[in-house]
Each structure stands twice: as C-alpha cells, then as structure tokens.
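Reader: Could you take me through this protein? I am new to reading structures.
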Amino acid sequence: MVGGYFNCITNVSERIGGKPPNFHAMEDFNDMILSCNLNDIGFSSNGFTWNKGTMWQRLDRILFNDQWISSFQNTHIEYLTRTLSDHSPLLINMYNTINNTFQPFRFQNMWLLDDIFDNIVKSNWEAPLFPFDNVCGMTRFLFKLKRLK
C-alpha cells in the first residue's frame, strides 16, 4: 500500500475548473502506477481531495498491490471532510471477515499428478515456522499442515 499527496490526476474526470490538465503528467503518473503493479480500488464520498478557489482535484489517493488486495479483500477508502487543510484526509477501512467455521484438511489425489507437488510439500515442510519455530509434536504438524493448506 502506498498513499498520500501525489500532486497529479490519472484522468480528466478527476479535475473540475482551472486550466486544462497536463496530459503528459497524467500519462507519466499512470505509467508509474502500472509499472509498480498498483491498483486504485476507488473510494466513497466526494471524488475530490483538494481544492483551491474554483478548482477541485483528486490529488490524494491510496494505491494497493495485488498481494494487499488478496489479503485484505474488504479494504475501502473514504475521503473525509476537509478541516484545516486544503486536502481531504483519507481513511482506510479494513473490514475483517473471519471465517470461524472449522474446515478440515482434505487431500486431493489429483495433486499427485502435478509435477511440482513434491517440491511444494518438501519446501513447506522444511521451511521454519516463523515466529514459532521452537514448537514441536502435533502443534508443529498442525502449523505446517495449516500453512500447506
């Protein structure tokens, strides 16, 4: 996750008023977002984070990589009301959806047909259990099985 005041918009709809936007700067900014494999997940509330006179722009944003999105699927961004600054504060909401239902490990015979199956199991079993590498017995087995699952 990376966020803050980028001083650039990604498209013309992120600006109202003022002079026409700098299309070269927009292209550079969009290229940076793409080359860093970042995603804009959108926001709720007013679409502009900065204003000066009659010009409104979305200059502040939070961008996420794929790992964040897959790990925290219920992340939402909210633009709050401006107070002392000419920028709107951004609020990250991460709604935790914990699955409390027990799901037992089930081995699938089709996994044996995959050429890399043995390597996946071996590397998982040999890797340390951070930060609990000192556990032993069934607890160690459970942690490794859970990680493999």
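**Fold and layout**

Author: Along the sequence, the elements of the protein come in the order β-β-α-β-β-β-α-β-β-α-α. Helices (H or I, at least four residues) and strands (E, at least two) are DSSP runs, numbered from the N terminus. This is a predicted model, in which local features need pLDDT of at least 70 and side-chain atom pairs count only at pLDDT 80 or more, while totals for chains, interfaces and linings use all residues. Residues are numbered from 1 along each chain as its sequence is written, and side-chain values use heavy atoms, with hydrogens and water left out.

Reader: How many helices and strands are there in the protein?

Author: The protein has 4 helices and 7 strands.

Reader: And which domains is the protein divided into?

Author: There are two entries: domain 1 (2–94) and domain 2 (109–148). Their bounds come from an automatic or database domain assignment. The C-alpha centres of domain 1 and domain 2 lie 41 Å apart.

Reader: What does the C-alpha trace span along its principal axes?

Author: The trace spans about 65 × 35 × 25 Å. The protein has a radius of gyration of 23 Å, whereas a compact globule of 149 residues would have one near 15 Å. This radius is taken over C-alpha atoms, and the globule rule is 2.2 Å times the number of residues to the power 0.38.

Reader: Changing topic, what percentage of the residues is buried?

Author: Buried residues make up 24% of the 149 residues. Buried means under 20% relative accessible area, with a 1.4 Å probe and protein chains only.

Note on methods. Buried means under 20% relative accessible area, exposed over 50%, partly exposed in between (1.4 Å probe, protein chains only).
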